[in-house]
Each structure stands twice: as structure tokens, then as C-alpha cells.
Amino acid sequence: FGSSFGSRSKGRWVRWFCGNSCRAAALAAMLFALAAITTACASMAMPSKPIRLTKFFFDSDRVQFDGWFVDDERHGEGTEYYDDGKVKFKGLYVHGVPSEGSWYDRDGRITFHGAFRGGVPANGTQYTYYKGDNILSFVGLVDDNGERNGPGKQWDRKGRLTFEGTFDDGNEVSGTKSEFHGDTDQLRRTGAYRHGNFHGTVREYYDHGGHRFDGRYSH
């Protein structure tokens, strides 16, 4: 009887010990996993570098820069100003230099919108003006070298649209070309244009506005 009782008691004790040990091990594993998840979430929520929204000022107390800093560098959305208060650049900074956004001249006119490389305009839309006034001379896509490549529009100094189409290496390649009678707004000739020549459907006008020619050019 004593031997049988001892065997049964020992078996129950072994089962109790193993059951509790397994539960304890499982609980410890769960706590460890929870701690790991909490640490990971904290690391995602809290950046490794200090981030702050900052303003810098000129000596005149005008705002020079208003935007985000990371580790003492402009990084994120920000706006830079000229000393007279006009916007100079508005967009995204990466490691202290413009990365994407809009650049303005001192007259408040936008001159570029797009991507920057090393803080210099790279790929995007360029806006150029005739010197001394606000008349646009060109709006269109430019490449890394500042060359006109892609869709664009060109105006003369009187603000008349002279070309709308595609540029390649700075040259008018294909699109619609318009010519005028002297300094007037009266069209002289307008139509399809390709590689330096009218090519395709073209319409010509007299200086009084009447139609002179409707047809096709071929070169």
C-alpha cells in the first residue's frame, strides 16, 4: 500500500510541477514578447533625432525661415524668405537643402516648381520673364541641365503667345506656331510647326483680319 501510495503521490507531484512550470514558462514568454512590442512601438513613435518646428529671423525681426528641423538641419516642410518678407522657397527640405517645391525671385514671381538636386533646380516647370517687367517669356519643363525638354509655351515681349508645343534640347520641335502683323495683336500666320518650319494645317491672315490662306504646308 505504502509503495503504491508513494508512486501515485510522486506522479501527481510530477504532473503538478510540470504543469505549473509550463504555465510559468508560457507567461514569461508572453511578457517578453509584450516588452519587445512595447519597445518597438516606442521606437517608432519617438524619433531617434530631435524634431522641432523652428523660426529664424533677420536682424530686422522679419522671418528668415519657418519650418521643421531634425538634428539641427532643415528637414521637412519649410518656407524661406527674402529680407523684405517675400517668399524665396516653399516646399520640402532634406538634410538642410531644398528637395522639392517652388522657388520665387525677389519680385515675388515663381521661377521654378519641381525637384531640386543639391539645392539646385533639377527637373520641373521653369518660369522665365522678360527683364524689367512681369511678362512671361517661357513656361515649361526643364531637365537637370536647365534645358527645355518637354511641353512648354513661349511668348514674345508684348505678351503674345508665339509657340505652344514640345521642346527638345531647348529647341521648338513640334506644336503650334503663331506670327503677328508688326506690333499689333493681329495674327499673320498660325498653324502646325515642326523642326523650325510650318508643317501641316496653316491659316494666314491679312493685316485687317481677313483670311488670306487656309491649307497645308509641307517641308
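Visitor: How far apart are the closest N and O atoms in the salt bridge of Arg-160 with Asp-156?
Guide: This is a predicted model, where local features need pLDDT of at least 70, side-chain atom pairs count only at pLDDT 80 or more, and totals for chains, interfaces and linings use all residues. Residues are numbered from 1 along each chain as its sequence is written, and side-chain values use heavy atoms, with hydrogens and water left out. A salt bridge here is a side-chain nitrogen of Lys or Arg within 4 Å of a carboxyl oxygen of Asp or Glu. Between Arg-160 and Asp-156, the closest such N and O atoms are separated by 2.7 Å.

Visitor: How many salt bridges does the count come to?
Guide: Another of these pairs is Arg-109 with Asp-105, whose closest N and O atoms are 2.8 Å apart. Arg-109 is buried at a relative accessible area of 16%, and Asp-105 counts as buried at 16% relative accessibility. By the rule for salt bridges, the count comes to 15.

Visitor: How many residues apart in sequence are the parts that Asp-83 and Arg-106 tie together?
Guide: Asp-83 and Arg-106 form a salt bridge with their closest N and O atoms 3.2 Å apart. Asp-83 sits in the loop between strand 3 (73-81) and strand 4 (87-94), while Arg-106 sits in the loop between strand 5 (97-104) and strand 6 (110-117), so the parts that the pair ties together are apart in sequence by 23 residues.

Visitor: What is the relative accessible area of Arg-106?
Guide: Asp-83 is partly exposed, with a relative accessible area of 41%. Arg-106 is partly exposed too, and its relative accessible area is 45%.

Visitor: Are the planes of Phe-112 and Phe-116 edge-to-face or stacked?
Guide: Their ring centres are 5.3 Å apart, and with the planes at 85° the pair is therefore edge-to-face.
Both Phe-112 and Phe-116 are buried, and ring pairs link them into a cluster with residues including Phe-89, Tyr-93 and Trp-103. To come back to the name you asked for, the pair is edge-to-face.

Visitor: Which residue lies over the face of Tyr-129?
Guide: A charge sits over a ring if NZ of Lys or CZ of Arg is within 6 Å of the ring centre and within 35 degrees of the ring normal. Arg-74 lies over the face of Phe-65, 4.2 Å from the ring centre. Over the face of Tyr-129, at 4.3 Å from the ring centre, lies Arg-109.

Visitor: How far apart are the C-alpha atoms of Thr-162 and Ser-178?
Guide: Thr-162 lies in strand 10 (residues 161-168); strands (E, at least two residues) and helices (H or I, at least four) are DSSP runs, numbered from the N terminus. Contact means heavy atoms within 4.5 Å, and beyond four places away in sequence Thr-162 touches residues including Trp-155, Ser-178 and Phe-180. Thr-162 and Ser-178 are 16 residues apart along the chain, and their C-alpha atoms are separated by 4.7 Å.

Visitor: How many strands are there in the chain?
Guide: Buried residues make up 26% of the 219 residues. The chain has 1 helix, and its strands number 14.

Definitions and conventions. Buried < 20%, exposed > 50% of the residue type's maximum accessible area, 1.4 Å probe, protein only. Phe/Tyr/Trp six-rings, centres within 6.5 Å; stacked < 30°, edge-to-face > 60°.
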